[in-house]
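Please brief me on the two-chain model below. Keep it short and group the points by topic.

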Amino acid sequence: MKKLNSLKIFRIILSVVFFVPILIAFLDLADLVPHDMKLVFTNIQFIPAFLNFVQNPITASVIFLSLIGITFLFGRIYCSSICPLGILQDIVYYFVLKINKRKRFLYEDPKNIFRYSILIVSVVLFFAGSILLLNLLDPYSLFGKISANLLRPVAMIINNGAASVLTSFDIYMLYPVDIFFHLPVFLFSLSMLAFIIWLVTKKGRLYCNMICPVGTFLGLISRFSIFKIRIVEDDCTSCKVCEKKCRAMCIDSKGQLIDYSRCVDCFDCISACSSKAIIFSAGNPFAKETVAKTDSNEMKSSESSSVAVDISKRDFVKTVIASFTIPSLILRAGETPKVYKNSTIAEDKNYLVTPPGSRSIEHFNDYCTACNLCVTACPTKVLQPTFIEYGIFNVFQPKMDYHKGFCNFECKICSDICPTDAIIKINSLNEKKLVQVGIAHFIRENCVVITQGTDCGACNEHCPTKAVKMVPEDKLLVPKMEEDLCIGCGACEHACPTKPYKAIYVDGNPFHKVAKKPVVEKQKVIDTTEDFPF
Amino acid sequence: MKRRDFISKGIVGGIAAGSLLSIPGFYSKAIARPSGVQKTDYDLVAIKNGEPEVMFDAAIKELGGIGKFVKKGQSVVIKPNIGWDVVPEKAANTNPKLIKRIIEHCFNAGAKDVYVFDHTCDDWKRCYSSSEIEKYAKDAGAKVVPGNTESYYQEVAIPKGKSLKKDKVHELILSSDVFINVPVLKSHGSARLTMSMKNLMGIVWDRGYWHRNDLHQCIADFPTFRKPDLNIIDAYAVMKQNGPRGVSLADVVVMKSQIISTDIVAADAAGAKLFGLEPTDILHIKYASQLGLGNIDLTKLNIKRLVV
């Protein structure tokens, strides 16, 4: 009964090969793994590949079409061995079996109305301009959220503990890292993880066969796969062993039927069958098969029609959706004032700031599935998840949070690493240094130099382009903005010491612009052999 | 284990005891340790027209060698300016070769451990790496320590400060026997110039407090708590404008100079002169001299001037 078959071994090896790197990509606290390496494993995920394909159908079609092709050939290999959330469920299932050796499943009818509704709504919403359901349900992005918000903090706590032990021995090999908790995305990740674990213990891979839009979509293809699990009717004794072992609950032993739309290619049934009546073999994909009762044809047609939604209708539906969205007004929740000459004027932020490379808030909102990979890779932690600041149709998508950090001038990691091209790769650092994601605004009345009558200049100090100038006024230097030079990196806002409101803040550019290149007067060469001036 | 335990039990206990017994300055006196540092013949050595390492070799010799400051078996903390994620040529950070040479001198004098750190402005790992200070310091055998987390910082009282009455200071400053301050001379949008005293903003946790509460006064107040045992101002390449971060290489002038002094006010006064400004025009230098931290009047000092 416990014997492994070669297909299952292959499946497990493949899972390890795909799962471990992606897990490391999210847990890489010290930024040791090259970004290109991380990208290799995130780009092959279905939704990132789909989003790349949608944006560049010609240049970025290979991965997406390959995933479809693999599914047509062998079934849902993606779900069994590439999808990190699928593998995570297999890991949970492994422990379920350890705890409860008698764990058995029984065939259940497909939850067709539910799963196809989710798929259709996901697709319609996406082509209408909201990525909401893909954001929430795409298994890669959900795995990303779980890794970044649950597993990574655990790794950080372990790291910090180890670092403090080592430091006490005067070893500075490890260093403590700051742990940021973003409550909404944390709670979402936690509840989804709990829900999935519960589903696995009760119903195996039901998330993949009832909720996951990728699973449902690939199921539409895997019905017609060339290679399939097949029951050899003559050898089958209808003993139900395979059915009880099927984590997809898709084998009807009695009727000798397999629902191929739900089979996730785990190959457990092959090992389980003592009569060797289950084989994985090729056949005519369109021959009348032993498909369990599904209303596939009906659903297939509605699916294809929804995919074909006219892109020009998109703006219309989008407007309708936008009218329901909560505007981005949650920006001003300032801290409670402390005993100090407090600043008095609230910052007037109209737009959130999206990372350089995202081109516009709209583009970013359209393609970001909030997998959180950029959030984990950002060295300054300026990229933070949101909740509903972008509106309820764009939950959890990251923003530039200048109270947490500022965008490092010499860095474009987020644009290098984004698997969905919500942040499009910027070719060179020099190009990035001119991308204007927002513009800083100075509130004179809040400034320390004005309110305290003492020098400050923290904004100017941090400004990499010197868009913040210091202008003499009496014996003090007062900041002055030169907006053309500003790239909106937020260094000034982050450094500004005033409370509760900053004296300088960045308002996002809804469409990113190109800043003027700073021109610097060349200093004269001096003679270093001259006498000292003292 | 020793060092950390000493800090967490001994020193924190000391702070607690000090504040409980209401003895002003109890703690700072116990920690600030000018002991063992002997008065040299020269108050200040200024040198120019050489490579950073060469100038340091010659200048420290005039002060009687690093052995005057670093005794066998002592621990040394070196505080360069590593504030920015830029390459050495941009001169926003202390010259890495100079740091390496200083570390080598310390070990030659028998130092047990040499630590290097800064509480950087940009992301610390990138600063440590881009400045090349991490590489050079490790090559010389120093321990390069992060300054990025509040847990490294211990609260201390600064009773003699006018605006700055307390602060959180990096534990290495508190636990090391010798403190060597190695700033780089630069223009500065808020402090006018950044040199020895301004560089000490990188050993405390909350710089924003200084900015809010009379920056110049806070810069002058801090050394009343702990003066570095030696200040070495790197003026090899000097950012003459757009400091402290700089915009391009055009901001930088090669001055090939160095100033060394135990007197933090005199060192900064000489740095200001070198830059082309009057020391009295830099408020924090003036305030520090008023606090009696050192001599702002260079004519009253015994200065050794060297041209390589």
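**Briefing**

R247(A) sits in the loop that links helix 13 (241-245) to strand 2 (251-252) of chain A. Helices (H or I, at least four residues) and strands (E, at least two) are DSSP runs, numbered from the N terminus. The model is predicted: local features need pLDDT of at least 70, side-chain atom pairs count only at pLDDT 80 or more, and totals for chains, interfaces and linings use all residues. Residues are numbered from 1 along each chain as its sequence is written, while chains are lettered from A and ligands numbered from 1 in the order in which they are written.

**Around R247(A)**

- R247(A) counts as buried because it has 25 C-beta neighbours inside 10 Å.
- The burial classes use C-beta atoms placed from the backbone: buried means 20 or more others within 10 Å, exposed means 12 or fewer, and partly exposed lies in between.
- Beyond its neighbours within four places in sequence, R247(A) is in contact with Y93(A), F105(A), G204(A), R205(A), C266(A) and D268(A).
- Contact means that the C-beta atoms of two residues, placed from the backbone, lie within 7 Å.
- N149(A) is 98 residues from R247(A) along the chain, and their C-alpha atoms are separated by 27 Å.

**Chain A overall**

- Chain A has 23 helices and ten strands.
- Of its 534 residues, 45% count as buried.
- Take the contacts in chain A between residues at least 6 apart in sequence: 75% of them join residues at least 24 apart.

**Domains of chain A**

- Chain A is divided into domain 1 (6-225) and domain 2 (325-514), with bounds from an automatic or database domain assignment.
- The centres of domain 1 and domain 2 of chain A, taken over C-alpha atoms, are 31 Å apart.
- Their contact takes 33 residues from domain 1 of chain A and 26 residues from domain 2 of chain A.
- On the side of domain 1 of chain A that touches domain 2 of chain A, helix 9 of chain A gives the most, with seven residues.
- By class, that side of domain 1 of chain A has 14 nonpolar, 13 polar and six charged residues.
- Ala, Val, Leu, Ile, Met, Phe, Trp, Tyr, Cys and Pro count as nonpolar, Asp, Glu, Lys and Arg as charged, and the others, Gly among them, as polar.

**Interface between the chains**

- In chain B, 46 residues are in contact with 41 residues of chain A.
- Strand 11 (residues 252-261) of chain B supplies the largest share of the chain B side, four residues.
- The chain B side that touches chain A divides into 17 nonpolar, twelve polar and 17 charged residues.

**Parallel strands in chain B**

- Strand 2 (residues 75-80) and strand 3 (residues 113-116) of chain B run parallel, joined by four bridges.
- Strands pair if DSSP finds at least two bridges between them.
- V76(B) has V114(B) as its bridge partner in strand 3 of chain B.
- Strand 3 of chain B also runs parallel to strand 4 (residues 143-144) of chain B, with two bridges.
- V116(B) has V144(B) as its bridge partner in strand 4 of chain B.

**Confidence**

- The model scores ipTM 0.86 and pTM 0.86.
- Mean pLDDT, the predictor's confidence in each residue from 0 to 100, is 88 for chain A, where 89% of residues reach 70 or more.
- For chain B the mean pLDDT is 89, and 87% of residues reach 70 or more.
- Residues 289-339 of chain A stay under 50 in pLDDT, as do residues 1-40 of chain B.
- Where pLDDT is low, the predicted coordinates should not be read in detail.
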